[in-house]
Amino acid sequence: MARAKDPRIARGRAAEDAACELLVRSGYTIVARNVRLAGAEVDVVALDGSTTVFIEVRSRSSRRHGGPLATIGREKQARIARVAAAYLSRQRRAVAARFDVVGVEWGEGHPVCTLIRSAFDSPF
């Protein structure tokens with residue numbers, strides 16, 4: 001018997017798709033998705049002009065335990081920064097970088113996205 005797919009995986013993928021659509025409409029160029037380096041992952045790497053942006057996508061189906069933007073604590077920020085440092089170390093030139101967050105809430109079956117630029121401080 002085949003296992004049923006985890007609906008959280010499908011919802012997470014749909015949230016990332018919606019976030020990327022918002023980012024492109026906002027002028028970003030998507031470089032990569034689901035980048036895994038240094039034992040951690042960042043959802044989206046994009047360019048905003050000449051700035052490399054590391055973007056975490058957070059999705060919530062309800063606000064019962066807080067909205068999606070409230071779920072990125074210091075530990076998660078440190079993991080994202082670790083991926084960013086490893087990613088940037090592979091660049092052959094100095095680049096500006098920042099950390100953005102896209103919160104995705106599901107309202108009546110469709111995603112409502114909120115982009116927070118410079119959501120937390122960069123260690124670079």
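Modeller: Before we start, a polar contact here is a pair of N or O atoms within 3.5 Å; within protein, one must be able to donate a hydrogen and the other to accept it, and residues adjacent in sequence count only if both atoms are side-chain atoms.

Colleague: Fine. Which side chain has a polar atom 2.8 Å from the backbone oxygen of Ala38?

Modeller: That of Arg82. This is a predicted model, where local features need pLDDT of at least 70, side-chain atom pairs count only at pLDDT 80 or more, and totals for chains, interfaces and linings use all residues. Residues are numbered from 1 along each chain as its sequence is written, and side-chain values use heavy atoms, with hydrogens and water left out.

Colleague: How far apart are Arg82 and Ala38 in sequence and in space?

Modeller: They are 44 residues apart in sequence and 6.4 Å apart in space, C-alpha to C-alpha. Leaving aside neighbours within four places in sequence, Arg82 is in contact with Ala38, Gly39 and Ala40. Contact means heavy atoms within 4.5 Å.

Colleague: Where does Ala38 sit?

Modeller: In the turn of the hairpin formed by strand 1 and strand 2. Two residues lie between those strands, and Ala38 has a positive phi of about 55 degrees. Seven bridges join the two strands, which run antiparallel. Val35 stands opposite Val42 in strand 2.

Colleague: What is the strand order in the sheet?

Modeller: The order is 1-2-3-4-5, in an open sheet with mixed pairing. Strand 1 and strand 5 are the edges, each pairing on one side only. Two strands pair if DSSP finds at least two bridges between them. Strands (E, at least two residues) and helices (H or I, at least four) are DSSP runs, numbered from the N terminus.

Colleague: And helix 2, how long is that?

Modeller: Helix 2 covers residues 74–89, 16 residues in total. From first C-alpha to last it reaches 22 Å, close to the 22 Å expected at 1.5 Å a residue. The expected span is 1.5 Å times one less than the number of residues.

Colleague: What do the buried residues of helix 2 pack against?

Modeller: Strand 1, strand 2, strand 3, strand 4 and strand 5. Among the buried ones are Ile80, Val83, Tyr87 and Leu88. Buried means under 20% relative accessible area, exposed over 50%, partly exposed in between (1.4 Å probe, protein chains only).

Colleague: So why does Arg82 count as partly exposed?

Modeller: Because its relative accessible area is 37%.

Colleague: Switching topic. How many salt bridges are there in the whole structure?

Modeller: Nine. A salt bridge is a side-chain nitrogen of Lys or Arg within 4 Å of a carboxyl oxygen of Asp or Glu. One joins Asp48 and Arg98, at 2.7 Å, N to O. That pair links distant parts of the chain: Asp48 is in strand 2 and Arg98 in strand 4, 50 residues apart.

Colleague: Is Arg98 buried or exposed?

Modeller: Buried, because its relative accessible area is 14%.

Colleague: Which residue does Lys76 bridge to?

Modeller: Glu56, with the closest N and O atoms 3.5 Å apart. Glu56 lies in strand 3 and Lys76 in helix 2, 20 residues apart. Both residues are buried.

Colleague: What about Arg79 and Glu75, where do they lie?

Modeller: Both lie in helix 2, four residues apart, about one turn of the helix. Glu75 counts as exposed because its relative accessibility is 59%.

Colleague: Which residues does the salt-bridge network join?

Modeller: Asp48, Arg98, Asp100 and Arg117, through salt bridges that share partners.
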